[in-house]
Amino acid sequence: MQELRIAAKCKAGVVAGFCLVFCFAAGAQEAQQKEMGPLLKLTSTSFEADGDIPVKYTCDGANLSLALAWTDAPAATRGFALIMDDPDAPKSTLTHWLIYDLPAGTRALPEGVPTSKKLADGSMQGRNSRGKPGYTGPCPERGGPAHHYFFKLYALDAKTNLKPKAKREEIEAAMKGHILAEAQLIGRFKH
């Protein structure tokens, strides 16, 4: 009987310890959130978060870039970068869109951004996995499972100052140490 009481006290102590650690971590996260301000949020009117990407934005359709919008960028933001990729590709992650040096005041990308290497607002587009500037839509293997397409937006404290048609590795290297906040949106597509 004594052993059961000791075991019950030990179990209660473990639970209390876990609660203490969990509550401390949650409080620290909340304090950090208050310090940083609102979190960057990325949305789209072209598809619902974690939903299916309509055919119009894929290789089966018009292959148009999707409309994206964001809010709550940190006050120190000097520019944005966006990377769209497909980590479900069979051999390696495919990069579908690289756009960088978006002006600090930008809060949206319209549907159908031109695939030119430099845009009217000064934004640059990097080389996708096909070696071309601009957006290329989802195009997974036919009959296979749905692929997940990640749209990753980065608020930066400085421009990358890269030339147009930069490679993903160059963009990621230029962003290193300059990311103030990031947001992610995921869509799915299958033939």
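**View 1. Trp97 and Tyr135 form an aromatic pair in this predicted model.** Both partners are hidden from the surface: Trp97 is buried, and Tyr135 is buried too.

**View 2. Trp70 and Phe80 make a tilted pair.** By the rule used here, the protein has three aromatic pairs. In the pair of Trp70 and Phe80, the ring centres are 5.3 Å apart. Their planes stand at 55°, so this pair counts as tilted. Trp70 belongs to strand S3 and Phe80 to strand S4. The two are 10 residues apart, and the pair links distant parts of the chain. Are Trp70 and Phe80 buried or exposed? Trp70 is buried, and Phe80 is as well. Two values are enough to describe such a pair: the distance of the centres and the angle of the planes.

**View 3. Ser65 is a buried loop residue.** Look for Ser65 in the loop between strand S2 (51-52) and strand S3 (68-71). Its relative accessible area is 1%; that is under 20%, so Ser65 counts as buried. Which residues is Ser65 in contact with, leaving aside its neighbours within four places in sequence? They are Tyr57, Trp97, Pro110, Glu111, Gly112, Val113 and Tyr135.

**View 4. Six strands form an open sheet.** The order across the sheet is S2-S9-S8-S4-S5-S7, and the pairing is mixed. Which strands stand at the edges? They are S2 and S7. Each has a single partner strand, so one side of each is left without a neighbour in the sheet. Now look at S8 and S9. These strands run antiparallel, and 10 bridges join them. Tyr149 stands opposite Gly187 in S9. Strands of a sheet pair through backbone hydrogen bonds, either parallel or antiparallel.

**View 5. Helix H2 has a buried face.** Which residues of helix H2 (residues 168-175) are buried? They are Arg168, Ile171 and Met175. Seen down the axis of H2, these residues fall within an arc of 65°, so they line one face of the helix. An α-helix has 3.6 residues a turn, so residues three or four places apart point the same way. On the other side of H2, Glu169 and Ala173 are exposed. What covers the buried residues of H2? The cover includes strands S4 (79-86), S5 (94-103), S8 (147-156) and S9 (179-189). After H2 comes Gly177, with a positive phi near 80°.

**View 6. Asp101 and Asn161 each have a positive phi.** Neither is a glycine, yet phi is about 60° for Asp101 and about 60° for Asn161. Where is Asp101? Asp101 lies in strand S5, whereas Asn161 is found in the loop between S8 and H2. Asp101 is buried, with a relative accessible area of 6%. Asn161 is exposed, with a relative accessible area of 64%.

**View 7. Pro90 is an exposed loop residue.** Pro90 lies in the loop between S4 and S5. Its relative accessible area is 68%; that is over 50%, so Pro90 counts as exposed. Which residues does Pro90 contact, leaving aside its neighbours within four places in sequence? They are Glu141 and His147. Pro90 and Glu141 are 51 residues apart in sequence. In space, their C-alpha atoms are 9.0 Å apart.

**View 8. The whole protein has two helices and nine strands.** Along the sequence, the pattern is α-β-β-β-β-β-β-β-β-α-β. Of the 191 residues, 37% are buried. The protein exposes about 11100 Å², and carbon and sulfur atoms supply 58% of that area. Among contacts between residues at least 6 apart in sequence, 71% join residues at least 24 apart.

Terms used:
Residues numbered from 1 in each chain as written. Predicted model: local features only at pLDDT ≥ 70, side-chain atom pairs only at ≥ 80, totals over all residues. Heavy atoms only, no water. Helix = DSSP H or I, 4+ residues; strand = E, 2+ residues; numbered from the N terminus. Buried < 20%, exposed > 50% of the residue type's maximum accessible area, 1.4 Å probe, protein only. Contact = heavy atoms within 4.5 Å. Areas by Shrake-Rupley, 256 points an atom, 1.4 Å probe, with all protein chains shown as cover. Arc of directions from axis to C-beta. Phe/Tyr/Trp six-rings, centres within 6.5 Å; stacked < 30°, edge-to-face > 60°. Pairing = 2+ DSSP bridges.
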